[in-house]
Amino acid sequence: MADIQGSYDELFTAVPAALAGLIDDGDVGGAVAVFVDGKPVVDVWAGFADAGRTRAWERDTIVNVFSVTKTMTALCALVLIDRGELDPDAPVARYWPEFAAAGKQNVLVGQLLSHTAGLPDWEGPVEELYDWTTATARLAGQAPQWEPGTAAGYHSLTQGFLVGEVLRRITGRSVGEFFAAEVAGPLGADFHIGLGPEHDPRVALTVPPPGRDEDYTASAPGRDATPTTATALRVRDGNSIAWRRAQIPAAGGYGNARSVALVQSLLACGGTVGGVRVLSPEGCERARELQFDGEDRVLGMSARYGLGYGLFGSALGWGGWGGALVWVDPDERLAMAYVTNQMREPAADNRGIELVMAAQDGLKGLRA
């Protein structure tokens, strides 16, 4: 059986056991954290940080969590909404005048956060993702693919630039700078949007699914996805130093399970964790305000979106390419995060949900 490192409450033994099972089944490495009432009840890791299995996954190993990063960017937007500096019902062009081009003058901030703005595809070269000014200028000049607000289509790479530029226009700071100063720093969370070279030795590079190489690309999980002209993102792109250094706030965040669960515990605990208040309780509730419920034309499956988060019953959260997941249940004051360097094919990847179910089993014992 896999050697599990870290600590956990005995009521939650199903969680480390599930992680051990994943490693035993062939996964390279990963970590899981469960926070209840803002405090860790599970903080475990196992396996290796490299495909060659020569470097053990350590307590401070960090990994690209891909689209779980969206929940961090959304949290920054919620902070500004909470402070009255950002109105989700206002046109984006109020904050970013150039965005009004190509018929987008009536697109609302909330539509950026809920994938209904009609700008789901990144159609430029991958290299343009690494230059903020170039990337946002391209999106400002783009016409919507549908009437904004009438349909949803997952904005896999574009959402971070769209929301991030609005934040930058308001604060004068990049998403990474704002997140570090206003969220991660106060909480002591080891999560980064835009990674400096000093962290490189801690990074676990992404490992493609079995039988695939680094040219493996992201794809929609559902069968009914609309054909796309979007630029294909490869594993080798996500593993590049250029990707690490850039600010790609929809898919380029680095952290471990502990840091993801710690940050998102804010939404589980009414905006305050460890005595640090980042949001008001009302600000947290905004994340669960339903913006869209129906078929996502990009993912090819049904989806429910709040302000920057996917909604799943009373819970909220999101997953990342390759398997990472964050799950927040405010009713139970629970936040769970799973991160891994081992990709699986999206249609056959239930790891995150299995770990959520294991965490919920522990919660029953805790609340009994």
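Some ground rules. Residues are numbered from 1 along each chain as its sequence is written, and side-chain values use heavy atoms, with hydrogens and water left out. Because the model is predicted, local features need pLDDT of at least 70 and side-chain atom pairs count only at pLDDT 80 or more, while totals for chains, interfaces and linings use all residues.

I will start with the strands. Helices (H or I, at least four residues) and strands (E, at least two) are DSSP runs, numbered from the N terminus. Two strands pair if DSSP finds at least two bridges between them. Strand S3 covers residues 39–47, and seven of its nine residues are buried. Buried means under 20% relative accessible area, exposed means over 50%, and partly exposed is in between, using a 1.4 Å probe and protein chains only. S3 pairs with strand S1 (residues 5–8) in the antiparallel sense over four bridges. Gly6 has Val44 in S3 as its bridge partner. Strand S2 (residues 29–36) also runs antiparallel to S3, joined by eight bridges, and Phe35 is bridged to Pro40 in S3. S2 and S3 form a hairpin with two residues between them, and Asp37 in the turn has a positive phi of about 55°.

Next, helix H1, residues 14–24. Which of its residues are buried? They are Val15, Pro16, Leu19, Ala20, Leu22 and Ile23. These residues sit on the same side of H1, because they cover an arc of only 160° around the axis. The arc is that of the directions from the helix axis to the C-beta atoms. The buried residues of H1 pack against S1, S2, S3, strand S15 (334–340) and helix H11 (351–367). Contact here means heavy atoms within 4.5 Å. Just after H1, Gly26 takes a positive phi of about 120°.

There is also an open sheet of four strands, in the order S5-S7-S4-S6, with mixed pairing. Strands S5 (192–193) and S6 (203–204) stand at the edges with a single partner strand each, so one side of each has no neighbour in the sheet. Strand S4 (residues 62–64) pairs with S6 in the parallel sense over two bridges, and Ile62 stands opposite Val203 in S6.

Now the cores. In soluble globular proteins, nonpolar side chains tend to be buried together. A nonpolar core is a set of buried Ala, Val, Leu, Ile, Met, Phe, Trp, Tyr and Cys residues joined through side-chain atoms within 4.5 Å. The largest one has 91 residues, and those with the most contacts inside it include Leu75, Leu78 and Leu267. Helix H2 (residues 69–82) gives the largest share of this core, nine residues. Apart from it lies another core, of 25 residues, among them Phe12, Ala20, Val32 and Ala358.

How does H2 sit against helix H9 (residues 257–268)? They pack at an angle of about 35°, with their axes 11 Å apart. Axes are lines fitted to C-alpha atoms, for helices over the stretch in contact, and angles run from 0 to 180 degrees between N-to-C directions. The contact involves Thr71, Met72, Leu75 and Leu78 of H2, and Val260, Val263, Gln264, Leu266 and Leu267 of H9. Leu267 also touches residues including Leu279, Tyr309 and Pro330.

Notes:
Lists of a residue's contacts leave out its neighbours within four places in sequence.
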